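This report describes selected features of a single protein chain. It takes up charged pairs, a loop residue, a helix and a pocket in turn.

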Amino acid sequence: MGLALKEAEKAIEHDDVPVGAIIVQNGNIIAKTHNQVELLRDPTAHAEILAITQAVATIGDKRLHEAVMYVTLEPCVMCAGAIVLARLQTLYYATHDPKLGACGSRMDVLTTSGLNHYVQLCSGIEQEKAESLLKHFFEQQRIKKQ
């Protein structure tokens, strides 16, 4: 999760919400990235989506069997859906997203019945650090708007 937090800090450089994601398979990092919505002017450029794209390109397969993702913020519905479709084994996230979280906070895409793949979930890893980074970012954004 430490590497995901370092990636999240990179997002701040281009005014993106500080979210970082790492994907590991068989002990190897196969993707590491951060939110780039503002940088790319693309609403789908969330850290999780970019990490999945990077990971499948790295391994040359559309499925990420036995891979785990570490992300600093609970994924939204778009990202949670992509995590299921990519067949990630486990998702670890640092802090909950009470507004848009789709892995237990607002809804739970990962455990929706009838899906053909279920992702294991673990949350709360480095929660205080992730929350602090997000809080500071949004405080700075409010100051800029004044």
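Predicted model: local features only at pLDDT ≥ 70, side-chain atom pairs only at ≥ 80, totals over all residues.

Glu7 is buried, because its relative accessibility of 4% falls under the 20% limit. Lys10, by contrast, is partly exposed, with a relative accessible area of 35%.

The count of salt bridges comes to three. They are set out below.

| Salt bridge | Closest N and O atoms | Relative accessibility |
|---|---|---|
| Lys144 – Asp15 | 2.7 Å | Lys144 53%, Asp15 37% |
| Glu126 – Lys129 | 3.6 Å | Glu126 33%, Lys129 52% |

Lys144 forms its salt bridge with Asp15. This pair links distant parts of the chain, since Lys144 lies in helix α5 and Asp15 in the loop between α1 and β1 (20-25), 129 residues apart. Lys144 counts as exposed, whereas Asp15 is partly exposed. In the pair of Glu126 and Lys129, Glu126 is partly exposed and Lys129 is exposed.

Gln36 is located in the loop between β2 (28-34) and α2. Its relative accessible area is 15%, so Gln36 is classed as buried, the limit being under 20%. The side chain of Gln36 makes a polar contact of 3.2 Å with the side chain of Thr33. Leaving aside residues up to four places away in sequence, Gln36 touches His14, Asp16, Arg41, Ala45 and Leu50.

Helix α4 (residues 77-85) has Cys79, Ala80, Ala82, Ile83 and Val84 as its buried residues. Among the elements that cover these buried residues are α3 (47-59), β3 (67-73) and β4 (90-95). Just after α4, Arg87 adopts a positive phi of about 65 degrees.

The largest pocket holds about 660 Å³ of space. It is lined by 25 residues, of which Val17, Leu73, Asp97, Leu100 and Phe138 are the closest to its centre. By type, the lining divides into eleven nonpolar, five polar and nine charged residues. Helices α2 (37-40) and α5 (127-145) each contribute at least two lining residues. Which element supplies the largest share of the lining? That element is α5, with six residues.

Methods. Residues numbered from 1 in each chain as written. Heavy atoms only, no water. 1 Å grid on protein atoms, 1.4 Å probe; cavity = no way out; pocket = protein on both sides within 12 Å on 5 of 7 lines; lining within 4 Å. Points joined across faces, edges and corners; volume = space filled by probe spheres on them. Helix = DSSP H or I, 4+ residues; strand = E, 2+ residues; numbered from the N terminus. Nonpolar A, V, L, I, M, F, W, Y, C, P; charged D, E, K, R; others polar. Buried < 20%, exposed > 50% of the residue type's maximum accessible area, 1.4 Å probe, protein only. Contact = heavy atoms within 4.5 Å. Polar contact = N/O pair within 3.5 Å; in protein donor to acceptor, adjacent residues only side chain to side chain. Salt bridge = Lys/Arg side-chain N within 4 Å of Asp/Glu carboxyl O.
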